[in-house]
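Here's a quick walk through a two-part model, meant to be read with the structure open beside you. Keep the viewer handy and follow along.

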Amino acid sequence: MIWVSWRRQRAQLLTLLGLLVVGAGVITLLRSSMIDSLTSAGLTGCVSVPLDQCTAPAAAAKSFAEAWANPLDIARMSILFGPALIGVFIGAPLFARELEQGTHVLAFTQSVSRTRWMVSKLVMALVPALVVLAVLQSMVSWWLSAAGTLGPLMNGPFTALNFSIGHVSPAGYALFAFALGTFIGVMSRRTLVAMTAGLGAFVVVRFALAGLVDRLVPAQRVEVSPDKELTVYTDGSLVLDHGYLDAAGQPVAQDKVNALTAACKSVPQGSGTAESQQEFLACLPKSGLAKRYADFIPESQAWQVHLVDAAIFGALAVLLLAGTTWALRRQS
Amino acid sequence: MNPLTATALGKRYRARWAVRDCDFTVPGGKVVALVGPNGAGKSTLLRMAAGIVRPTTGEISAFGTPVRGRIHPDVSFLAQDRSLYRDLTVRELARACAAMNDRWSADRVREVLGLLAGVDHDAKVGTLSAGALTQVAIAMALGRLPRLLLLDEPLSDLDPLARDETLRIIMTEVAERGTTVVMSSHLLSDLREVCDHLLLIDEGRVQVDGDIEEVLAQHRILVGPAADESAVEGTLINATRTERQATLLVREARPAPKGWAGTEPDLESLVMGYLRASRERRSST
């Protein structure tokens, strides 16, 4: 049965292999070319430190970042769109085409069971696609890490694009897109319907669930006195909530905060000077804004968010695959 | 154990019954002609027997085992659209079918394909002619070494030569292995040569079920004066009348009354009589 599935999906598997070879080759070439230009511009040391500690001329760093922004973005986009493509071109036609062309009848009238037929098709379609996606994803991240803080990683792992292509998230999305495609394919029995409706549904669900995962991972809270800076905005953390606390440690409502800070601003004569800024900061605790706080997920815990994200989409995928199995078994 | 038994079998698609209240038995070793007009439910019946379509009511059993969601190991099915993997070569298709079956005779497939002079084993299935396609599909069905062969329109789209070849493959199978065959077709004249049992269905119901010789012997075609039809005894199936003469298909007919000529119908005129009758029934309601 594995041979049958392999033979029937041979063209698709060879296409995947071709994509893998070409993708890996292009990434390797571009990466080494990028490292050459880093070396020649004397930027090698700037890759692993924050931008303001970079000893090289600022113009060199800027022109490097501009020159490589596009290739790096295209690489990130290809990993972002990978799951959707897997859903549309591999998941959706998998059963829809058989049902549309009636070739499922051939398999259903041999002694192989419907479930075994289905599983062997699913495995033969899904596993290579996931492997190719994972390899390309790790190659892109290998390339991105070579650009370090001069590239998109500067913004931390929680920006929408960086998060979508990091860790196990792409695998979760791909699994979901694939399962969604197969399910709609079995229900509609039309390849084109499954491809378009599957893509639409995938995009909608991805957007709808985009913010959900942040709320499911326990956030940490940092509190500082108003005259101190919060570092969470610059160290790559995901800030979920922020504001002021009163002396009792309770959050102060935003409109009250606005009124109090406005009152403090109007106390000193003239503004913009260092003294007026100090007076302003000293005024805040006296008015009842004792501390600033922020709820955040640190960069070091990004993997937890990715795991929860992949778990959500993985669970949806399992449900959809169960639905596909049920529909195929009672297919008539 | 009878190869095929239907009890109160019915299949409804939305509001329409494709097959309804079907009761019949296919005895072993018979070659059954399943006939009826387009949309009579022949395909649905065969697909239910093959386990592809689930009955809405009743049950169909193959060799005593109810067919539920999967085909009986001793049954092979030829679908009307032939449902083969068209992007595979004939050789690869045979390998694929072998891989999907617990019991498989590659020799049998090679033997059947060997009967076909024109089929290139390395040609893509999708490039074959309609005749070759059907014959390859039958070869695959026979590879399962079935005891019951279900053929949905095996002769449609075939030129006379391919039709003759295909029938020969089927008849060889019947003669060599004693396989029971149920085949649906419109081509009554071809069926007459190979079939010995008739199952006529219309509007999803069984109209005639029996050995062809017996069924034919039970019926008479009576030709006589149109004015004098009351003299004829028996169950009138269908009548065609001109101004002066009536041609009646009668079941359980008594000897022809005076002035009437009685003959035994051939299969074609018998089936035509029943089909005409059911069409008249339908248009009158």
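## A hairpin to start from

Let's begin in chain B, where the hairpin of β9(B) and β10(B) has two residues between the strands, and E203(B) takes a positive phi near 50° there. Strands here are DSSP runs of E, at least two residues long, and helices are runs of H or I, at least four residues long, all numbered from the N terminus. Strands β9 (residues 197-202) and β10 of chain B pair in the antiparallel sense over six bridges; two strands count as paired if DSSP finds at least two bridges between them. Within this pair, I201(B) stands opposite V206(B) in β10(B), and H197(B) has D211(B) as its bridge partner.

Before going further, some ground rules: this is a predicted model, in which local features need pLDDT of at least 70 and side-chain atom pairs count only at pLDDT 80 or more, while totals for chains, interfaces and linings use all residues. Residues are numbered from 1 along each chain as its sequence is written, chains are lettered from A and ligands numbered from 1 in the order in which they are written, and side-chain values use heavy atoms, with hydrogens and water left out.

## What does K30(B) touch?

K30(B) sits in the loop between β2 (16-26) and β3 of chain B. Its side chain makes a polar contact with the side chain of D211(B) at 3.0 Å. A polar contact is a pair of N or O atoms within 3.5 Å; within protein, one must be able to donate a hydrogen and the other to accept it, and residues adjacent in sequence count only if both atoms are side-chain atoms.

Leaving aside neighbours within four places in sequence, K30(B) is in contact (heavy atoms within 4.5 Å) with T179(B), T180(B), V181(B), D196(B), H197(B) and D211(B).

## Further along chain B

Strands β11 (residues 219-225) and β13 (residues 245-251) of chain B pair antiparallel over seven bridges, and V223(B) has T247(B) as its bridge partner in β13(B). Strand β12 (residues 235-241) of chain B is also antiparallel to β13(B), joined by six bridges. β12(B) and β13(B) make a hairpin with three residues between them.

## Where the chains meet

On to the interface: 25 residues of chain A are in contact with 30 residues of chain B. The two chains bury about 2,300 Å² between them, 55% of it on carbon and sulfur atoms; buried area is the accessible area (1.4 Å probe) that two parts lose on being put together, summed over both. W3(A), L106(A) and S111(A) supply 26% of the area that chain A buries against chain B, more than any other three residues.

There are two salt bridges between chain A and chain B, a salt bridge being a side-chain nitrogen of Lys or Arg within 4 Å of a carboxyl oxygen of Asp or Glu. In one, the side chains of E92(B) and R10(A) meet at 3.9 Å, N to O.

## Inside chain A

R8(A) forms a salt bridge with E98(A), with the closest N and O atoms 2.4 Å apart. R8(A) lies in helix α1 of chain A and E98(A) in helix α3 of chain A, so the pair ties together parts 90 residues apart in sequence.

Chain A also has an open sheet of three strands, in the order β1-β3-β2 with antiparallel pairing.
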